[in-house]
Amino acid sequence: MNKNAIVIGAGIVGLATSRALAMRGYKVTVFERNERAVGASIRNFGMIWPIGQATGPMYERAMLSRSIWKTICTEAKIWHDEVGSFHLAYHDDELQVIEEYVAANKQYRDCALLTPAEALAKSPAIKTEGLKGALWSGEEMIIESREAVGQVAQYLADKFGVEFHWNTAISRIEHPKVYSGKTTWEADEIYICSGADFETLYPELFAETKITKCKLQMMRLVSQPDGWRIGPSLCGGLSMIHYPGFQVAPSLPALRKRYEEEYATHLKWGIHVMASQNGNGELTIGDSHEYGLVHDPFDKAFINDLITGYLHTFANFKDWKLLQSWHGILPRMTNGATELIVDIEPGVTIINGLGGNGMTLSLGLCEQTIAARS
Ligand SMILES: Cc1cc2nc3c(=O)[nH]c(=O)nc-3n(C[C@H](O)[C@H](O)[C@H](O)COP(=O)(O)OP(=O)(O)OC[C@H]3O[C@@H](n4cnc5c(N)ncnc54)[C@H](O)[C@@H]3O)c2cc1C
């Protein structure tokens, strides 16, 4: 008889776990406390972002995720755009990091250093004044996460018969039972993918786990006129010191040192600036990083100003009108780990702590994790 599994949380980690289990014949039931997922998984840029990952296992995981995203999006007709990405250099030290990145990676990745004219040919949205060169990467993909996450849930229900119980908060687990108040369900295996609410179900574990919460501020600009497209997702130099993928460049510490002097306030608030475009032509821009177990619910206007101010140094959009602003909160390990996987009791596993990379890594991580256990 097929095994059955319960997954708690219908964010991308819960969906990725459900997919990997269902592919292996499990009967999967998902419990989500809200009527739909409204956590980190729908609040992000929707960037599937291999370039941020260091060459080696994490990059391989990102590329595995990307291929699974591609399959799901194609089969379920979910909007996605394989636009690639640009990191733009306006200073010699940024150009040097890009040169070193390309030299170290060109045999492994679809990446190249482009001249300003070559970059402009791919994106009419880049500021060419003072531009010294651009790191082109062809591997990044955009999804519209606020739609895609619900669409992936529907795909899992349609294709594998995954059953979703929305509006059902799980309040206690005693394997093989999960409780929502007094109602119980049972399964052979239980997976907890509860994102930033990591403390409710196993508070003692989380009190001793090296994990914190990070608040990120984001904005969306209106649909650009006349179907105007920016092409690749755009990043400035600050993103090079944010993502581990760039640590391969020997001159990165020198770049970081200059930024520490020139962009001290940006760094204090964890600001690096990226822009992606959805199918309606709207632009998603961000972000900042504030760390702590509790965050005030009020967004800081000056952080949004710093983000848009920096964006103006490398992007020329047609319409900068603000459509929305919001923040998301994600769990992040404080010991350098890239995720948290704990078998808290026999048959009960926690998968969490993917930090700012959950859209890029979850599908690959959960595929690898469940495959290794099957
Ligand atoms: C602003 C922002 C931008 C980001 N940009 C990117 C990006 O571009 N690319 C990228 O790769 N990553 C990005 N990330 C990171 C990525 O979004 C996260 O790593 C990922 O969404 C985490 O997924 P999750 O399933 O763990 O969490 P969530 O999406 O928060 O899902 C957890 C779910 O569990 C449910 N839940 C919790 N407790 C219970 C319970 N007891 N019972 C029932 N349900 C429960 C919650 O309601 C929630 O729906 C970004 C994150 C943020 C916040």
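Where in the chain does N278 lie? N278 sits in the loop that links strand 16 (274-277) to strand 17 (283-286), where strands are DSSP runs of E with at least two residues and helices are DSSP runs of H or I with at least four, both numbered from the N terminus. The model is predicted, so local features need pLDDT of at least 70 and side-chain atom pairs count only at pLDDT 80 or more, while totals for chains, interfaces and linings use all residues. Residues are numbered from 1 along each chain as its sequence is written, and side-chain values use heavy atoms, with hydrogens and water left out.

N278 is buried, with a relative accessible area of 3%; buried means under 20% relative accessible area, exposed over 50%, and partly exposed in between (1.4 Å probe, protein chains only). Its side chain makes a polar contact with the side chain of E282 at 2.9 Å (a pair of N or O atoms within 3.5 Å; within protein, one must be able to donate a hydrogen and the other to accept it, and residues adjacent in sequence count only if both atoms are side-chain atoms). Leaving aside residues up to four places away in sequence, N278 touches W79, E144, R220 and R229, a contact being heavy atoms within 4.5 Å.

Buried residues make up 56% of its 374 residues. Among contacts between residues at least 6 apart in sequence, 77% join residues at least 24 apart. The C-alpha trace spans about 65 × 40 × 40 Å along its principal axes.
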